[in-house]
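Here is a short briefing for a first look at this structure. Keep the sequence and the 3D view open while you read.

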Amino acid sequence: MIVCSCNVLSDKQILETLRSEDVARPRSAAQAYRCLGCAPQCGRCLTTVRQLLAEARIDTCGVGCAVCPGHDIAQPDADEIPFLIAAE
């Protein structure tokens with residue numbers, strides 16, 4: 001699906017950029033556009049790009065808790081979490 005008609009960017013292109021393994025992967029919509037070699041023109045797509053960015057963060061979250069906004073993974077049971085317990 002085309003997300004940005006001004007730059008003819010699809011959701012797949014944006015998600016590939018956001019989900020890259022690169023340490024310098026984009027953390028904002030503006031950075032995502034720069035990675036794709038363009039800039040937002042009219043701004044109508046920014047809400048969708050921000051939503052894709054939030055989804056990409058959730059998808060790559062390795063914690064599995066409700067810390068991330070919109071994260072709906074159930075909390076693990078206490079005995080499933082390996083904690084280092086300090087000696088009393």
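Residues 71–88 keep a pLDDT under 50; pLDDT is the predictor's confidence in each residue, from 0 to 100. For this stretch the model has 12 contacts beyond four places in sequence, a contact being heavy atoms within 4.5 Å. Across the protein chain pLDDT averages 74, and 65% of the residues score at least 70.

This is a predicted model, in which local features need pLDDT of at least 70, side-chain atom pairs count only at pLDDT 80 or more, and totals for chains, interfaces and linings use all residues. Residues are numbered from 1 along each chain as its sequence is written, and side-chain values use heavy atoms, with hydrogens and water left out.

**Overall build**

- The protein chain has three helices and two strands. Helices (H or I, at least four residues) and strands (E, at least two) are DSSP runs, numbered from the N terminus.
- Along the sequence the pattern is β-β-α-α-α.
- Of the 88 residues of the protein chain, 28% count as buried. Buried means under 20% relative accessible area, exposed means over 50%, and partly exposed lies in between (1.4 Å probe, protein chains only).
- The protein chain has an accessible surface of about 6,500 Å², and carbon and sulfur atoms hold 54% of it. Accessible areas come from the Shrake-Rupley method with a 1.4 Å probe; for residues, only the protein chains shown count as cover.
- Among contacts in the protein chain with a separation of 6 or more, 41% join residues 24 or more positions apart.

**The nonpolar core**

- The largest nonpolar core has 16 residues. Such a core is a set of buried Ala, Val, Leu, Ile, Met, Phe, Trp, Tyr and Cys residues joined through side-chain atoms within 4.5 Å.
- Strand S1 (2–4), H1, helix H2 (29–35) and helix H3 (46–59) each give two or more residues to this core. H3 gives the most, with five.
- Those with the most contacts inside the core are Val3, Leu9, Ile14, Leu18, Tyr33, Val49 and Leu52.
- In soluble globular proteins, nonpolar side chains tend to be buried together.

**Helix H1 and isoleucine 14**

- Helix H1 covers residues 11–18, and its buried residues are Asp11, Ile14, Leu15, Thr17 and Leu18. Seen down the axis of H1, these fall within an arc of 160 degrees, so they line one face of the helix. The arc is that of the directions from the helix axis to the C-beta atoms.
- Lys12 and Glu16 are exposed, on the face of H1 turned away from its buried side.
- An α-helix has 3.6 residues a turn, so residues three or four places apart point the same way.
- Isoleucine 14 is in helix H1. Isoleucine 14 counts as buried because its relative accessibility is 1%.
- Leaving aside neighbours within four places in sequence, isoleucine 14 is in contact with Val3, Leu9, Leu36, Val49 and Leu52.
- Isoleucine 14 and valine 3 are 11 residues apart in sequence; C-alpha to C-alpha, they are 8.6 Å apart in space.

**The S1–S2 region**

- Valine 8 lies in the loop between S1 and S2. Valine 8 counts as exposed, at 53% relative accessibility.
- Valine 8 has a positive phi of about 50 degrees, although it is not a glycine. Most residues other than glycine have a negative phi.
- Leucine 9 touches Met1, Ile2, Val3, Cys4, Ile14, Tyr33, Leu36 and Cys38, not counting residues up to four places away in sequence.
- Serine 10 is in strand S2 (residues 9–10). Serine 10 is buried, because its relative accessible area is 15%.
- With residues up to four places away in sequence left out, serine 10 touches Met1, Ile2 and Val3.

**Cysteines**

- A search of the whole structure finds zero disulfides. A disulfide here is a pair of cysteine sulfur atoms within 2.5 Å.
- Cysteine 35 is in no disulfide; the nearest cysteine sulfur is that of cysteine 38, 10.0 Å away. Cysteine 35 is partly exposed, with a relative accessible area of 48%.
- Cysteine 45 is in no disulfide either; the nearest cysteine sulfur, that of cysteine 4, is 3.8 Å away. At 5% relative accessibility, cysteine 45 is buried.

**Serine 20**

- Serine 20 is in the loop between H1 and H2. Its relative accessibility is 22%, so serine 20 counts as partly exposed.
- Serine 20 and alanine 56 lie 36 residues apart in sequence and 9.7 Å apart in space, C-alpha to C-alpha.
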